[in-house]
Amino acid sequence: MSIFAELRAGITTHSASETQALATQLAQALPPDATLALHGDLGVGKTTFVQGLAKGFGVTDVVTSPTFNIFTLHRGGSRTLVHLDAYRLENDRQIDSLMLEDFLVSPYCLAVEWPEKIAGWLPSHALHLTLRI
């Protein structure tokens, strides 16, 4: 079964390291340019998931939540990882003021926490993942 089929069926992890391992596995299967919309309440492991993606891409930076910076770019490895935390954005029009498109270097993966805040900006091909405790 592919990682995408497993995700559609629902996967339960029991630790941060299992969540990171799952994301590392997903990173290897993602297309060259991908957008991930990470849904879930505060504290469910969205940033932990992004840490696993970074590992899967060979990024060696420390990955933390970019809540106050809004986004963080992680370069290195096989592609650029853009980690966007939309929690503090009022609406999807504010994304234009970040000039995010100026920093995207293909191939890249855009991982968005709180994607409902910028739903109108997300591409239709975004992969929506819901994390729960």
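Two strands pair if DSSP finds at least two bridges between them, and strands themselves are DSSP runs (E, at least two residues), numbered from the N terminus. This is a predicted model, in which local features need pLDDT of at least 70, side-chain atom pairs count only at pLDDT 80 or more, and totals for chains, interfaces and linings use all residues. Residues are numbered from 1 along each chain as its sequence is written, and side-chain values use heavy atoms, with hydrogens and water left out.

**How the strands pair**
- Strands β3 (residues 80-85) and β4 run parallel and are joined by six bridges.
- Along this pairing, T80 has Y108 of β4 as its bridge partner, and L84 stands opposite V112.
- β4 also pairs with β1 (residues 34-39) in the parallel sense, over five bridges, with A34 opposite C109.
- β2 (residues 71-74) pairs with β3 in the antiparallel sense over four bridges, and T72 has H83 as its partner there.
- The hairpin of β2 and β3 has five residues between the strands, and G76 takes a positive phi near 130° in it.

**Charges over rings**
- The charged end of K46 sits over the ring of W114, 4.2 Å from its centre (the rule asks for NZ of Lys or CZ of Arg within 6 Å of the ring centre and within 35 degrees of the ring normal).
- K117 lies over the face of Y87, at 5.8 Å from the ring centre.
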